[in-house]
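The structure is shown first.

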There are 2 protein chains.
Amino acid sequence: MSIKKIPGGTITTPKGFKASGLYCGIKAKSRKPDLALVVSDVPAVSAGMFTRNRLKAWPVLHSMQMIRKSEKHRAIIANSGNANCINGPRGKVAVQSVVKSLSENAGIPEKQILICSTGIIGLRLPVLKITRAMPRLVKRLSARGGHRAAQGILTTDTRTKEIGIAFSVGRTEVRMGAIAKGVGMVHPNMATMLNFITTDCAIARPLLFRALRAAVSKTFNMMSIDNDLSTNDTVFILANGRAGNSRLTSPDDKYWRFEEALVYAATQMAKQLIKDGEGATKFCEIVVSGAKNQGDAERAARNIANSMLFKTMLVGADPNWGRIAAAVGASGIAFKPEQLSIAFNGIRLLSHGKYLVSARPDVKKVLKHNEFRIDVVIGEGHHSATFFTCDLTKGYVHINAAYST
Amino acid sequence: MSIKKIPGGTITTPKGFKASGLYCGIKAKSRKPDLALVVSDVPAVSAGMFTRNRLKAWPVLHSMQMIRKSEKHRAIIANSGNANCINGPRGKVAVQSVVKSLSENAGIPEKQILICSTGIIGLRLPVLKITRAMPRLVKRLSARGGHRAAQGILTTDTRTKEIGIAFSVGRTEVRMGAIAKGVGMVHPNMATMLNFITTDCAIARPLLFRALRAAVSKTFNMMSIDNDLSTNDTVFILANGRAGNSRLTSPDDKYWRFEEALVYAATQMAKQLIKDGEGATKFCEIVVSGAKNQGDAERAARNIANSMLFKTMLVGADPNWGRIAAAVGASGIAFKPEQLSIAFNGIRLLSHGKYLVSARPDVKKVLKHNEFRIDVVIGEGHHSATFFTCDLTKGYVHINAAYST
């Protein structure tokens, strides 16, 4: 299948989506955009996935309910700078006020509105600042507003994360766009990954959920900057059907094209997120293969990616394969050391349990790149998993140790 | 119960134990002691616990077998600088050669010898260096040799970890001693925590195992520097009965005194280990209480202790309680945010879900100490767990990123 990346593509790339973003007064120190709005011209089939943290922010609890209550949604509103989390029952009222304000200003039924927050935990959400800005936010909605919306959801991110792609479903060209913010936490208690995806594909809701689950399980659930799970993580997809394709209703070839495109878009967003990880200087794709089952493959990959020793090793560009082997062992999966192989960009340093010292200089060169792939072959079966991670640098410690409150 | 800490106490503090340590040539760069030996005058009842990493070093596999094969042991021999792990079948032969050499030189049956290694993974163990030094190592055995043995097992540790205590079992004074090395990994692929404990208490083997399991589950399994599980972690206890107490054979009051003393000694060792953690500048005791069950309490405490955001927060001395709350939530245990309380050295910053901003300056002062306690009250039950951890500093990253191979 051919997926075409659209230059300057963003969340408003699919037909029938408008967006806007502005500064409403929450991020008073930086005065950067702190409010974002994405609206579909028509009610769009929706799917959402949320943090598995038992501690969920108010907007997460609200949006979960809305996703259950209504099959279609028209708007996603998000603020940055304040997580609206663990701040007492007022936080719940705040969500309702923001939703009501958007509903009145944009003429969108409340149940068709999804909401997110990201920022500091424990503080009261400044509702008035948001509602006062609402008329402007709605007025500025535009098919060229994707980039502004992408700015409005950022916290410690150093750049926006955006993508727009085109692909065909049958003979119809379908588009997909996305914006995201990363898991950085410069400001104390700041958290969250947000991913908003739009598409003009016509698709039945169960299939949209299925595709989203598949994409998330392969991408956002398989990446790690610091292994901390936010209270506000949210992924939304809105499919408004404006491309005019015949609606996808069964898991046939056409559906698979859609799922493949969604996985592609999500992978690109995951890479953008990791590359902008706090203090990160290197992007690493860990591919564990030859595992006895899928769970083993994922467990091993996750354990390597989250090992602090592995992540600091990437900084030093020293091929300490022992740390990788130890992380696989610590994951608890069954394997034999004499079958384990580890390669860096295809160069084997450990081959069936044998350390190939002569490959060391070449592997050192690989590790000096900003982006590389590490293959770990278990030798117990044929299952594999891919995990994205970055290095653990002094920059990360510096950012997160800063006492800026 | 009164437990008396003996000044200068070490592994040779209990009656009937001798030890020695020397440099045999493995740590050729630093020329620091790299070999240690602990011997009981008479066969001692033994217990051991080993790493749960699926990848186990050769000496671990050998010692596990010896612990099964024989109820009593007389000697523990350990080298530092080389982990004897993932280095092919020669590693197994190396273990046998070292054991044979010690057996011949000290007149101890091979099956009464336990063995450990710690250091670089993947390299061949220089057996000849060890066996050539064996006569000297045995000759130097002395009741004052504990400190030398403590030096012989160190890798990246900046100081030895030793303790000696006395307590009474019935009317008999019993002694216990220990040495340990930490989980630092300066040198690439270097790993491992070793803990050797001796006592002159007379105790039946099942009770010795029971006490060891209790102590390890409360101490060495509840501490974290970087959450990486070594291939070589080992804890041994030898009880030679030389104190002359009537042998402990049932879990009565006298046994409980023994267990309590062992927990105390292990706690002290755990603290020494954490305080010497790589790059660590702060020691933090995390006490989770009010959990619905023991598993929940431990899960929550562990998740906080291993959160990179929490650990970097300790560096900056900024009381970001949101990171603690988020880590509890991420642990997956059931709790209600409005019941959660968090205190620093007894000063509540979050009380039943309410953020007490006024306590912030005092809590900041607490976090500037080198050692403090954080209480997290879940409010769902009456179970509690304690976890020891340290901060994540630029020093840690620096040490582990160094490409010194």
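## Overall fold

In this predicted model, chain A contains 11 helices and 16 strands. The radius of gyration of chain A is 22 Å, close to the 22 Å that the globule rule gives for 405 residues, so chain A is as compact as a globular protein of that length. Taken along the principal axes, the box filled by its C-alpha atoms is roughly 70 × 55 × 35 Å.

## Burial and contacts

Of the 405 residues in chain A, 62% are buried. The contacts of chain A can also be viewed by separation along the sequence. Among those between residues at least 6 apart in sequence, 80% join residues at least 24 apart.

## A pair of packed helices

Two packed helices are described by the angle between their axes and the distance between the axes. In chain A, helix H8 covers residues 308–316 and helix H9 covers residues 321–330. These two helices pack at an angle of about 160 degrees, and their axes are 9 Å apart. Angles over 145 degrees count as roughly antiparallel, and H8(A) and H9(A) are therefore roughly antiparallel to each other. The crossing in which H8(A) passes H9(A) is left-handed.

Which residues of H8(A) and H9(A) meet? From H8(A) come A:Leu309, A:Phe310 and A:Met313, while H9(A) contributes A:Arg323, A:Ile324 and A:Ala327. Sorted by class, this contact of H8(A) with H9(A) has five nonpolar residues, one charged residue and no polar residues.

Methods:
Residues are numbered from 1 along each chain as its sequence is written. Chains are lettered from A and ligands numbered from 1 in the order in which they are written. This is a predicted model: local features need pLDDT of at least 70, side-chain atom pairs count only at pLDDT 80 or more; totals for chains, interfaces and linings use all residues. Helices (H or I, at least four residues) and strands (E, at least two) are DSSP runs, numbered from the N terminus. The radius of gyration is taken over C-alpha atoms; the globule rule is 2.2 Å times the number of residues to the power 0.38. A residue is buried if 20 or more other C-beta atoms lie within 10 Å of its own, exposed if 12 or fewer, and partly exposed in between; C-beta atoms are placed from the backbone. Two residues are in contact if their C-beta atoms, placed from the backbone, lie within 7 Å. Axes are lines fitted to C-alpha atoms, for helices over the stretch in contact, and angles run from 0 to 180 degrees between N-to-C directions. Angles under 35 degrees count as roughly parallel, over 145 as roughly antiparallel, 65 to 115 as roughly perpendicular and the rest as oblique. A crossing is left-handed if the near helix is turned anticlockwise from the far one by less than a right angle, and right-handed if clockwise. Ala, Val, Leu, Ile, Met, Phe, Trp, Tyr, Cys and Pro count as nonpolar, Asp, Glu, Lys and Arg as charged, and the others, Gly among them, as polar.
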